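Reader: I'm new to this structure and would like to learn how to read it. Could you take me through it a feature at a time?

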Amino acid sequence: MSAGQWLEWFIRQTISGLTLGGVYALIALGYSLVYGVLRLINFAHGDVYMVGAVVAFWAARRLGWSQSANDLVSPQVTLAMLFIAILACVLLGYVIERFAYRPLRKAPRLNSLITAIGVSFLLENIFQLQAVFGASPRGFPETRLPISVVKIGGYDLRFEQFLILGGTVFFLMVCRYVILHTRVGLGIRATSFHHDYARLMGVNVNRITSLTFVIGSALAAIAGVFVGMYQHQCDPLMGVNYGLKAFTAAVVGGIGNLAGAVLGGFIMGLSETYIAGSRFSDYRDAFAFVLLILILLVRPGGLLGSVAPEKV
Amino acid sequence: MPRPIRNLVVVLGAVGFPILAQYLANVGAVGAYTQDILYKIALNITLAVGLSLIIGFAGQFSIGHAAFMSLGAFFSGVFTSHVVLGLAKHFDPAYLESDGLSAVLVRSGFLVGAVMVGVLAAAIASILVGLPTLRLRGDYLAIATLGFGEIVFNLLLIYLQKNNADVAYYLPSETNFMSRTVNIASSWALALLAILIVRNLVSSTSGRALPAIRDDEIASAAVGIHTTRYKLLAFVIGSALAGAAGVLEAHQTGTINPASYRFDRSIEMIVPVVLGGSGSLTGCVLAAGGFTYLLELLRGLPSGAQQYRTIVYASVLVLIMILRPQGLMGRWELPDLLHWLRNRFWRREREKKSPMRTAPAAAVVPAIAGGVVAGSGTDAPELECRDLTIRFGGLTAVSAFNLRLFPREIVGLIGPNGAGKTTVFNMVTGVYRPSAGDIRLTGASLVGAGPARINERGIARTFQNIRLFSDLSVLDNVRIALHAHLKTGVPTAILRTPAFYADEQEAHASAMELLQIFDLALLADEVACNLPYGDQRRLEIARALATRPRVLCLDEPAAGMNPAEKRELMNLIRHIRDQFQLTILLIEHDMKVVMGVCERILVLDHGETIAEGRPEEIRNNPKVIEAYLGEPTK
């Protein structure tokens, strides 16, 4: 490979990696937020992301999309799909927390873990029913845009990719603002620190926990729609792989640490696309988890997290 | 039943049942469908029992357990396809296929070889995953095993695609020794072996270290349990059992498909452990067997209903977790269940009340008035801290702390809240590593040793906020602490040799003796968390003494006690010092206790030693008064 070709490859893979990484970051934030307030690995989170994509698909059909690959939808329809998906996932996230996790707040942690896994299986299998969505992937509407491709060197990059990347950055900034500069954000940070202390300071821990799920689910819905747009399809098991990768990203960055989740997401996305574009592409999934175990060895708390010593 | 006969019955049953079941199957008394269910039940029991040791007893989450199963399956599959096939060439094929006893034995021999390879592969892998992650507390094992499961799946898939151009590994039909003649015998032999190993381990004194770690890891280390070692032991045994189950599955089906050993399979294994009652071996065996049978029944549903199977399964799982979080059996084992059934249906007798304590507390401990003369300054110090300093970030919690503790002395460490007293204890017992300075026990440095190691060297402690193993009995709390002084270890516990019983008896006797001293003997079978506060404090001291220390560190032993209990405690402290030849370092806020029992007192304030001397000197020291009450007004 000549230097020029190499540079072209590098730019291409970097842009794809950032797009993928941004999606991982959006999902990873949900894992990290929930882990922060409940110390729970919310295995159902990847499936909330899947529901986001599926609901957007349904919304598109309602809004007149003919389900064929040639039928492009207008940007307004795409925005409406995004909005409806967020609403649906927010509701779903709230219901899951309220009815599956809250009764177990005082039970051993293994119970909530198993319940989370149960909820995940439930969602995956309900959506696999033919009456609901069906087991096989379905097409996802492409958006009609003024520019469709961007040329880098001799290679076409889809404009959607840049749109997704821009959208991801926008929503990450919104999330950052909410967490750092609003009362709700302050409540979430206080609750993550200690439930009882937060309660003593007048924080309604139950409400904050619900809101944490709401925020996490909204981000997952956005990620679901973005991936649908990018892959042009959605299916009931699309949450399994992305969920696992995003969770890994959250741990790599330091679970419970929000900046860490974003950093972890981008690291996972970039490393995945670089490896996928090389001759080791077979090993890209294995590599993600090798990276996870290596980082746990060197920095058990993740890149930006820390392991607090237990008070004796 | 006397013990040797009982053990003989257990062994005969464990050997006889699989052979009998297999015989009945081979002569046609058991149908093919029942055989298949029997085989699956045994396999799932093996998996659940192994996982129950890790999750239920040691309290560690392994959620990629199927990976160990696939490693066992894969490596044994490669082994049989190459090695065993080579060996089989030396036999007449017709003979190997025959149903004669010697041919069955040869085939079983091949299978045993394969099982050993599979167990070895799973065990090595579990050490690689467990060693780095089990040092840490929390969810790290869960995360690492989750990732490990995906790595194993990916690598096996890549291997198969490169070498066999297929997504599964197929065993040559000649090596298909399981599916005929020995499938039930081998699977049930493995299941019963798994049950025996785990039961023998967790009902022994050394094996009780596992529930102790589950209840409180810091307290476990403080009584001399090497926590990482025990967690790893549980993890390796559990994973090796999964490896063995993988071998059987591979040789039963003749196919090794990595995709069938992914996350959902691991979850399928965890379900019976949690449903049966995490920490109940009986519960997980019943749940694994029952659940396997139920799932087989659901397979009989009409095909239109099949798609709802997993939905029903997942809903039941969530509902049971919410409605009965402790699982079906809680922590009951078979004897508890039988006892309950007997009382419920046969005798209907009222439950025996546990014997209440009658004797007044002080009766057992002779009140020793006055102090024994403290060790004179000419002796070598038992414990010595030199310029001990610790910084947390920018805060110096303790600076240049010096202490010489002479044999059989009782020294008090006092000071206002936040003065750094407990931090000194934490450094001396290895919970924190000092930033500078040295700690020496009879001349040898302790800096850098972990809490368990330091306990073995002869320092024991109690905790400011009581840290008993709250789910275990009073007797077990003390017995576990004897664990470093047992003559026999885990292998003897699993094999149940005569030496094991002698050792158990001795442990029981010394534990009871200690409980007697602390007037807790009548409460020996009570669960520790049900004890009144003062009894819990004294039980914690008894537990510390069981580790046979030279130096005992008591962190606010009188906290929460009433005046009578405090007086009794003072006598007790002097009494144990004399009886066990102890040196005692004591943190206490109650001045009556400190002044009454200590021969020398050190006063800490803001991490610095501001005074040292005999009680009456300390009482009148203006600096001490200032530290406690503030500056005098002029």
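Reader: What kind of unit do S9(B), helix H22 and S10(B) make?

Author: Before we start, keep in mind that this is a predicted model. To read a unit like this, follow the chain from one strand over the helix to the next strand. Here S9(B), helix H22 (residues 563–580) of chain B and S10(B) make a right-handed β-α-β unit.

Reader: In which sense do S9(B) and S10(B) pair?

Author: Strands of a sheet pair through backbone hydrogen bonds, either parallel or antiparallel. In this case S9(B) and S10(B) pair in the parallel sense, over five bridges. To see it in the model, find Leu552(B), which stands opposite Ile584(B) in S10(B).

Reader: And how many bridges join S5(B) to S10(B)?

Author: Four, and those two strands run parallel. Ile584(B) turns up again here: within S10(B), it is the bridge partner of Ile410(B).

Reader: Is S10(B) enclosed or open to the outside?

Author: Count the buried residues, then look at each face. Five of the five residues of S10(B) are buried, so the strand is largely enclosed by the rest of the structure. Both of its faces are covered. Thr583(B), Leu585(B) and Ile587(B) are buried on one side, and Ile584(B) and Leu586(B) are buried on the other.

Reader: What is the order of the strands in the open sheet of six?

Author: The order is S8-S9-S10-S5-S11-S12 in chain B, and the pairing is mixed. S8 (459–461) and S12 (608–613) of chain B stand at the edges with a single partner strand each, so one side of each has no neighbour in the sheet. On average, neighbouring strands of this sheet are turned by 20° against each other, direction ignored.

Reader: Where would I look for antiparallel pairing in it?

Author: Go to strand S11 (residues 600–605) of chain B and S12(B), which run antiparallel and are joined by five bridges. One pair to pick out is Ile601(B) with its bridge partner in S12(B), Gly613(B).

Reader: Which strands does helix H16 of chain B lie across?

Author: For a helix packed on a sheet, list the strands it crosses and then check the angle. H16 (residues 421–428) of chain B lies across S5 (410–414), S8, S9 (551–555), S10 (583–587) and S11 of chain B. Its direction is at about 145° to S9(B).

Reader: How many residues of H16(B) are buried?

Author: Eight of the eight, so this helix too is largely enclosed by the rest of the structure. Among them are Lys421(B), Thr422(B), Asn426(B) and Phe425(B). Just after H16(B), look for Gly430(B), which takes a positive phi of about 85°.

Reader: What about the open sheet of four strands: which order does it have?

Author: That one goes S4-S3-S6-S7 in chain B, with antiparallel pairing. S4 (395–405) and S7 (444–445) of chain B are the edge strands, each with a single partner, so one side of each is left without a neighbour in the sheet. Strand S3 (residues 383–392) and strand S6 (residues 436–441) of chain B are joined by five bridges. Glu384(B), for example, has Arg440(B) in S6(B) as its bridge partner.

Reader: Now the two chains together. How many residues of chain B are in contact with chain A?

Author: 33 residues of chain B are in contact with 36 residues of chain A. Helices H5 (101–133), H6 (140–163), H11 (263–276) and H14 (309–323) of chain B each supply at least two residues of the side that touches chain A. H6(B) gives the most, with nine residues. By class, that side of chain B has 23 nonpolar, eight polar and two charged residues.

Reader: How far does H6(B) reach from its first C-alpha to its last?

Author: Compare the span with what the residue count predicts. H6(B) has 24 residues and reaches 34 Å, close to the 34 Å expected at 1.5 Å a residue. Ala165(B) follows the helix, with a positive phi near 50°.

Reader: Can we try a helix of chain A: how many residues of H4(A) are buried?

Author: 17 of the 20, so H4(A) is largely enclosed by the rest of the structure. This helix, residues 109–128 of chain A, reaches 29 Å, close to the expected 28 Å.

Notes: Residues numbered from 1 in each chain as written. Chains lettered and ligands numbered in written order. Predicted model: local features only at pLDDT ≥ 70, side-chain atom pairs only at ≥ 80, totals over all residues. Contact = placed C-beta atoms within 7 Å. Nonpolar A, V, L, I, M, F, W, Y, C, P; charged D, E, K, R; others polar. Pairing = 2+ DSSP bridges. Axes fitted to C-alpha atoms, helices over the stretch in contact; angles between N-to-C directions. Expected span 1.5 Å × (residues − 1). Buried ≥ 20, exposed ≤ 12 C-beta atoms within 10 Å, placed from the backbone. Right-handed = clockwise from strand over helix to strand, strands pointing away.
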